[in-house]
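Hello,

Here is the structure for you to look over.

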Amino acid sequence: MLNLKDISLTFNEDTPDEKHALQNINLTLEKGDFITVIGSNGAGKSTMMNVVSGTLTPDVGNVVINNKEVTNLPEYKRSKYIGRVFQDPMAGTAPSMTIEENLAMAFARDKNRKLRNGVTKKRKQLFREYLETLNLGLEDRLTARVGLLSGGERQALSLLMATFTEPSILLLDEHTAALDPSRAELITNLTAEIVEKFDLTTLMVTHNMQQALDLGNRLIMMDKGQIILEVDGEAKQKLTVEKLLHEFKQIRGKQLENDRAILG
(Lines give C-alpha, C1' and ligand atoms only; values in the text may rest on other atoms or scores of the structure.)
Protein backbone atom coordinates (compact mmCIF):
# COMPACT_ATOMS: atom_id res chain seq x y z
CA MET A 1 0.00 0.00 0.00
CA LEU A 2 2.96 2.33 0.62
CA ASN A 3 6.54 2.02 -0.53
CA LEU A 4 9.25 4.59 0.16
CA LYS A 5 12.33 3.79 -1.91
CA ASP A 6 15.72 5.38 -1.16
CA ILE A 7 14.16 8.67 -0.01
CA SER A 8 16.57 11.49 0.80
CA LEU A 9 15.84 15.17 1.38
CA THR A 10 18.18 18.01 2.34
CA PHE A 11 17.07 21.43 3.51
CA ASN A 12 19.14 24.57 2.75
CA GLU A 13 21.66 22.62 0.68
CA ASP A 14 25.14 24.15 0.30
CA THR A 15 24.50 26.74 3.02
CA PRO A 16 25.67 27.00 6.63
CA ASP A 17 22.16 25.84 7.64
CA GLU A 18 22.25 22.65 5.56
CA LYS A 19 20.35 19.80 7.19
CA HIS A 20 19.95 16.22 5.98
CA ALA A 21 16.29 15.83 6.93
CA LEU A 22 15.91 12.33 5.46
CA GLN A 23 18.72 9.94 4.53
CA ASN A 24 18.09 6.86 2.42
CA ILE A 25 14.68 6.00 3.86
CA ASN A 26 13.28 2.63 2.77
CA LEU A 27 9.93 1.60 4.18
CA THR A 28 7.11 -0.67 2.97
CA LEU A 29 3.62 -0.93 4.43
CA GLU A 30 1.48 -3.89 3.43
CA LYS A 31 -2.32 -3.77 3.49
CA GLY A 32 -3.50 -3.38 7.10
CA ASP A 33 -0.07 -2.54 8.56
CA PHE A 34 -0.17 -0.03 11.42
CA ILE A 35 3.29 1.45 11.95
CA THR A 36 4.06 3.77 14.85
CA VAL A 37 7.02 6.13 14.39
CA ILE A 38 9.03 7.48 17.30
CA GLY A 39 12.11 9.64 17.69
CA SER A 40 13.22 12.89 19.29
CA ASN A 41 12.62 16.36 17.87
CA GLY A 42 14.27 16.79 14.48
CA ALA A 43 14.50 13.04 13.84
CA GLY A 44 12.65 13.37 10.51
CA LYS A 45 9.29 11.89 11.52
CA SER A 46 7.03 14.67 10.27
CA THR A 47 9.27 15.28 7.26
CA MET A 48 8.77 11.68 6.19
CA MET A 49 5.02 12.14 6.69
CA ASN A 50 5.09 15.26 4.50
CA VAL A 51 6.92 13.37 1.75
CA VAL A 52 4.18 10.71 1.80
CA SER A 53 1.41 13.32 1.66
CA GLY A 54 3.06 15.35 -1.10
CA THR A 55 3.68 18.44 1.02
CA LEU A 56 7.39 17.92 0.35
CA THR A 57 9.12 16.37 -2.67
CA PRO A 58 12.27 14.30 -1.99
CA ASP A 59 15.57 15.15 -3.67
CA VAL A 60 15.94 11.49 -4.64
CA GLY A 61 13.83 8.38 -4.26
CA ASN A 62 10.32 7.25 -5.04
CA VAL A 63 6.95 7.28 -3.29
CA VAL A 64 4.51 4.55 -4.37
CA ILE A 65 0.96 4.36 -2.99
CA ASN A 66 -1.23 1.38 -3.82
CA ASN A 67 1.13 0.46 -6.70
CA LYS A 68 0.91 3.99 -8.15
CA GLU A 69 4.02 6.13 -8.57
CA VAL A 70 3.12 9.45 -6.91
CA THR A 71 6.54 11.01 -6.22
CA ASN A 72 5.85 14.05 -8.40
CA LEU A 73 2.08 14.10 -7.92
CA PRO A 74 1.02 17.33 -6.15
CA GLU A 75 -0.56 17.13 -2.72
CA TYR A 76 -4.09 17.98 -3.87
CA LYS A 77 -4.07 15.15 -6.43
CA ARG A 78 -2.59 12.73 -3.94
CA SER A 79 -5.24 13.51 -1.33
CA LYS A 80 -7.73 11.00 -2.76
CA TYR A 81 -5.38 8.22 -1.61
CA ILE A 82 -4.61 9.71 1.79
CA GLY A 83 -6.43 10.58 5.00
CA ARG A 84 -4.50 12.73 7.46
CA VAL A 85 -5.05 13.95 11.00
CA PHE A 86 -2.75 16.70 12.29
CA GLN A 87 -1.54 17.61 15.77
CA ASP A 88 -3.56 20.83 15.81
CA PRO A 89 -7.31 20.09 16.21
CA MET A 90 -7.96 23.29 14.22
CA ALA A 91 -6.11 22.03 11.15
CA GLY A 92 -8.33 19.20 9.95
CA THR A 93 -11.70 20.96 9.88
CA ALA A 94 -13.33 24.17 8.64
CA PRO A 95 -14.47 26.03 11.81
CA SER A 96 -16.99 28.31 10.09
CA MET A 97 -18.81 25.35 8.52
CA THR A 98 -21.21 23.00 10.28
CA ILE A 99 -20.44 19.41 11.25
CA GLU A 100 -22.53 18.06 8.38
CA GLU A 101 -20.89 20.45 5.88
CA ASN A 102 -17.43 19.34 7.01
CA LEU A 103 -18.43 15.70 6.64
CA ALA A 104 -19.93 16.32 3.19
CA MET A 105 -16.70 17.99 2.07
CA ALA A 106 -14.62 15.05 3.31
CA PHE A 107 -17.03 12.51 1.83
CA ALA A 108 -16.78 14.07 -1.63
CA ARG A 109 -12.99 14.08 -1.53
CA ASP A 110 -12.97 10.47 -2.68
CA LYS A 111 -13.26 11.13 -6.42
CA ASN A 112 -14.15 7.49 -7.11
CA ARG A 113 -17.55 8.15 -5.56
CA LYS A 114 -18.21 10.90 -8.14
CA LEU A 115 -20.16 12.91 -5.60
CA ARG A 116 -20.55 16.64 -5.33
CA ASN A 117 -20.33 18.64 -2.14
CA GLY A 118 -23.61 19.09 -0.31
CA VAL A 119 -25.80 17.63 2.39
CA THR A 120 -28.64 15.47 1.15
CA LYS A 121 -31.22 13.72 3.32
CA LYS A 122 -29.65 10.34 2.59
CA ARG A 123 -26.17 11.60 3.31
CA LYS A 124 -27.29 13.26 6.55
CA GLN A 125 -28.54 9.92 7.84
CA LEU A 126 -25.23 8.32 6.90
CA PHE A 127 -23.34 11.02 8.78
CA ARG A 128 -25.47 10.41 11.87
CA GLU A 129 -24.61 6.72 11.76
CA TYR A 130 -20.89 7.43 11.51
CA LEU A 131 -20.99 10.06 14.26
CA GLU A 132 -22.81 7.70 16.61
CA THR A 133 -19.72 5.47 16.62
CA LEU A 134 -17.79 8.26 18.37
CA ASN A 135 -20.14 8.21 21.39
CA LEU A 136 -19.82 11.98 21.78
CA GLY A 137 -23.37 13.00 20.89
CA LEU A 138 -22.24 14.81 17.75
CA GLU A 139 -24.92 13.02 15.72
CA ASP A 140 -27.44 15.35 17.41
CA ARG A 141 -25.44 18.47 16.55
CA LEU A 142 -25.11 18.19 12.77
CA THR A 143 -25.89 21.88 12.20
CA ALA A 144 -23.51 23.15 14.91
CA ARG A 145 -20.50 25.08 13.68
CA VAL A 146 -17.30 23.11 14.16
CA GLY A 147 -15.55 26.12 15.69
CA LEU A 148 -17.80 25.71 18.74
CA LEU A 149 -16.57 22.15 19.45
CA SER A 150 -13.93 21.30 22.04
CA GLY A 151 -10.46 20.28 20.93
CA GLY A 152 -11.18 16.62 21.61
CA GLU A 153 -14.47 16.74 19.71
CA ARG A 154 -12.80 18.41 16.74
CA GLN A 155 -10.01 15.85 16.71
CA ALA A 156 -12.54 13.01 16.84
CA LEU A 157 -14.38 14.62 13.92
CA SER A 158 -11.07 15.04 12.03
CA LEU A 159 -10.31 11.36 12.60
CA LEU A 160 -13.71 10.37 11.26
CA MET A 161 -13.37 12.69 8.24
CA ALA A 162 -9.96 11.21 7.43
CA THR A 163 -11.10 7.60 7.64
CA PHE A 164 -14.69 7.05 6.60
CA THR A 165 -13.81 7.15 2.90
CA GLU A 166 -11.34 4.32 3.65
CA PRO A 167 -8.19 5.90 2.18
CA SER A 168 -5.28 3.82 0.92
CA ILE A 169 -3.06 5.37 3.61
CA LEU A 170 -3.97 6.99 6.93
CA LEU A 171 -1.41 9.47 8.29
CA LEU A 172 -1.62 10.40 11.97
CA ASP A 173 0.80 13.20 12.80
CA GLU A 174 1.02 13.42 16.62
CA HIS A 175 -2.76 13.70 16.58
CA THR A 176 -3.18 13.41 20.36
CA ALA A 177 -0.25 15.63 21.43
CA ALA A 178 -2.28 18.85 21.82
CA LEU A 179 -5.04 17.27 23.92
CA ASP A 180 -5.39 16.91 27.67
CA PRO A 181 -4.76 13.36 28.99
CA SER A 182 -8.42 12.28 29.11
CA ARG A 183 -9.16 13.51 25.58
CA ALA A 184 -5.88 12.04 24.33
CA GLU A 185 -6.92 8.67 25.73
CA LEU A 186 -10.31 8.99 24.04
CA ILE A 187 -8.76 9.74 20.64
CA THR A 188 -6.19 6.96 21.08
CA ASN A 189 -8.96 4.44 21.74
CA LEU A 190 -11.03 5.75 18.82
CA THR A 191 -7.97 5.45 16.60
CA ALA A 192 -7.49 1.78 17.48
CA GLU A 193 -11.19 1.05 16.90
CA ILE A 194 -11.47 2.87 13.57
CA VAL A 195 -8.22 1.48 12.13
CA GLU A 196 -9.31 -2.04 13.02
CA LYS A 197 -12.87 -1.53 11.76
CA PHE A 198 -11.82 -0.34 8.30
CA ASP A 199 -8.55 -2.34 8.20
CA LEU A 200 -6.70 0.86 7.39
CA THR A 201 -3.02 0.93 6.46
CA THR A 202 -1.69 3.48 8.93
CA LEU A 203 1.47 5.46 9.63
CA MET A 204 1.39 7.25 12.99
CA VAL A 205 4.01 9.66 14.31
CA THR A 206 4.10 10.08 18.07
CA HIS A 207 6.41 11.46 20.75
CA ASN A 208 4.77 9.18 23.28
CA MET A 209 6.71 5.93 23.48
CA GLN A 210 4.03 4.12 25.48
CA GLN A 211 1.42 5.04 22.86
CA ALA A 212 3.76 3.75 20.15
CA LEU A 213 4.05 0.45 22.01
CA ASP A 214 0.31 0.14 22.68
CA LEU A 215 -0.84 0.77 19.10
CA GLY A 216 0.00 -0.93 15.83
CA ASN A 217 1.73 -4.10 14.71
CA ARG A 218 5.06 -2.50 13.74
CA LEU A 219 7.30 0.20 15.22
CA ILE A 220 10.17 2.19 13.77
CA MET A 221 12.54 4.56 15.52
CA MET A 222 14.11 7.48 13.67
CA ASP A 223 17.12 9.65 14.45
CA LYS A 224 18.79 12.34 12.36
CA GLY A 225 16.74 11.53 9.27
CA GLN A 226 17.38 7.78 9.38
CA ILE A 227 15.39 4.71 10.40
CA ILE A 228 17.63 3.16 13.04
CA LEU A 229 15.33 0.46 14.43
CA GLU A 230 12.39 -1.62 13.17
CA VAL A 231 10.41 -3.99 15.42
CA ASP A 232 7.29 -6.00 14.68
CA GLY A 233 5.23 -8.99 15.78
CA GLU A 234 6.00 -10.69 19.06
CA ALA A 235 9.18 -8.67 19.55
CA LYS A 236 7.14 -5.46 19.58
CA GLN A 237 4.67 -6.89 22.08
CA LYS A 238 7.52 -7.60 24.49
CA LEU A 239 9.01 -4.10 24.25
CA THR A 240 8.89 -1.59 27.09
CA VAL A 241 9.85 2.09 27.17
CA GLU A 242 12.99 1.16 29.11
CA LYS A 243 13.99 -1.42 26.49
CA LEU A 244 13.46 1.11 23.70
CA LEU A 245 15.65 3.66 25.44
CA HIS A 246 18.29 0.95 25.91
CA GLU A 247 18.09 0.03 22.21
CA PHE A 248 18.65 3.66 21.25
CA LYS A 249 21.70 3.90 23.49
CA GLN A 250 23.10 0.65 22.05
CA ILE A 251 22.67 1.92 18.47
CA ARG A 252 23.73 5.55 18.93
CA GLY A 253 26.07 5.25 21.89
CA LYS A 254 24.22 7.94 23.83
CA GLN A 255 20.99 8.57 25.69
CA LEU A 256 17.90 9.66 23.79
CA GLU A 257 17.23 13.36 24.25
CA ASN A 258 15.18 14.10 27.34
CA ASP A 259 12.03 15.33 25.60
CA ARG A 260 8.42 14.16 25.34
CA ALA A 261 9.56 10.88 23.79
CA ILE A 262 10.00 9.31 27.21
CA LEU A 263 6.58 10.27 28.54
CA GLY A 264 4.18 7.42 29.13
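Helices (H or I, at least four residues) and strands (E, at least two) are DSSP runs, numbered from the N terminus. This is a predicted model: local features need pLDDT of at least 70, side-chain atom pairs count only at pLDDT 80 or more, and totals for chains, interfaces and linings use all residues. Residues are numbered from 1 along each chain as its sequence is written, and side-chain values use heavy atoms, with hydrogens and water left out.

First, α6. D199 follows this helix, and its phi is positive, near 50°.

Next, the aromatics. Rings of Phe, Tyr and Trp (its six-membered ring) pair if their centres lie within 6.5 Å; planes under 30 degrees apart are stacked, over 60 edge-to-face, the rest tilted. The count comes to four aromatic pairs. F107 and F127 have ring centres 6.1 Å apart and planes at 75°, so they are edge-to-face. F107 lies in α3 (residues 99–107) and F127 in α4, so the pair ties together parts 20 residues apart in sequence. Both F107 and F127 are buried. F107 also pairs edge-to-face with F164, at 5.5 Å centre to centre and 70° between the planes. F164 sits in the loop between α5 and β7, 57 residues from F107. At 0% relative accessibility, F164 counts as buried. F107, F127, Y130 and F164 form one aromatic cluster.

Best wishes

Terms used
Buried means under 20% relative accessible area, exposed over 50%, partly exposed in between (1.4 Å probe, protein chains only).
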